[in-house]
Amino acid sequence: MKTALVLNGPNLNLLGMREPAVYGSQTLADVEALCLKACAAHGFKLDFRQSNHEGILIEAIHDAGRAEAAGTLAGVVLNAGAYTHTSVALHDAIKGSGVTLIELHISNVHAREAFRHHSYISPVAKAVVAGFGIKGYALAIAGLAELTQTV
Ligand code: CA2
């Protein structure tokens, strides 16, 4: 059974505590429970993480690239938070690791402020999910199953 890594970036630990109009009222623990269900439905083990530190996210992506090459990881669902719009380092890490990665956003970033319209992740992502609220995590996991299906 392969693992799906769901990686969450800065401030996503605050989910459900502020800005419910944008991000909903469910917490990151609720997101993890939803991901666990989606992974079970698609035959994945779940590795669910959050960090506010760019370097930790980068190292997790490097490790994920090695795990995918070794055949133990299906790929990554990444909500890079605000690093989406700023991080050349994350872009380079994704490209360099060769990992299969789905970019995810809870909100529709294209319907928000102009500074959220550009993503450094999109050019190196296999696919992008945005605007479905936290249900997008389940959709991204289903997408990862679709992308990695061998039969
Ligand atoms: O829509 C998304 O998932 C985002 O990746 C969320 C990021 C934002 O910077 C991106 O533009 C879009 C923000 C994550 C912080 O989430 C908070 C949740 C509750 C309270 C404060 C921040």
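Is threonine 100 buried or exposed? In this predicted model, threonine 100 has a relative accessible area of 16%. Threonine 100 is therefore buried, since the cut-off for a buried residue is under 20%. Its place is in the loop between helix H4, residues 88-97, and strand E4, residues 101-105. The side chain of threonine 100 makes a polar contact of 2.7 Å with the side chain of glutamate 68.

The ligand sits in the largest pocket. Around the ligand there are 17 residues, of which Asn79, His85, Ile106, Ser107 and Arg116 come nearest. By residue class, the shell around the ligand consists of 8 nonpolar, 6 polar and 3 charged residues.

For serine 107, a polar side-chain atom is 2.6 Å from an oxygen atom of the ligand. For asparagine 79, a polar side-chain atom is found 2.8 Å from an oxygen atom of the ligand. In the side chain of histidine 105, an N or O atom lies 2.9 Å from an oxygen atom of the ligand. The ligand taken alone exposes 510 Å², and the protein buries 94% of that area.

The loop runs between strand E1, residues 3-8, and helix H1, residues 20-23, and asparagine 11 lies in it. Asparagine 11 is not a glycine, yet its phi is positive, at about 75°. Glutamate 19 also lies in the loop between E1 and H1. The phi of glutamate 19 is positive as well, at about 50°, although glutamate 19 is not a glycine. With a relative accessible area of 47%, glutamate 19 is partly exposed, because this value falls between the limits of 20% and 50%.

Lysine 45 belongs to strand E2, which covers residues 45-50. The relative accessible area of lysine 45 is 46%, so this residue is partly exposed. Lysine 45 and glutamate 59 are 14 residues apart along the chain, and a distance of 20 Å separates their C-alpha atoms.

Key: Residues are numbered from 1 along each chain as its sequence is written. This is a predicted model: local features need pLDDT of at least 70, side-chain atom pairs count only at pLDDT 80 or more; totals for chains, interfaces and linings use all residues. Side-chain values use heavy atoms; hydrogens and water are left out. A residue is near a molecule or strand if one of its heavy atoms lies within 4 Å of it. A polar contact is a pair of N or O atoms within 3.5 Å; within protein, one must be able to donate a hydrogen and the other to accept it, and residues adjacent in sequence count only if both atoms are side-chain atoms. Accessible areas come from the Shrake-Rupley method with a 1.4 Å probe; for residues, only the protein chains shown count as cover. On a 1 Å grid over the protein atoms alone, a cavity is a set of points where a 1.4 Å probe fits but cannot get out, and a pocket is an open set with protein on both sides within 12 Å along at least five of seven lines; lining residues have an atom within 4 Å of a point. A molecule sits in a cavity or pocket if more than half of its atoms lie within 2 Å of its grid points. Ala, Val, Leu, Ile, Met, Phe, Trp, Tyr, Cys and Pro count as nonpolar, Asp, Glu, Lys and Arg as charged, and the others, Gly among them, as polar. Helices (H or I, at least four residues) and strands (E, at least two) are DSSP runs, numbered from the N terminus. Buried means under 20% relative accessible area, exposed over 50%, partly exposed in between (1.4 Å probe, protein chains only).
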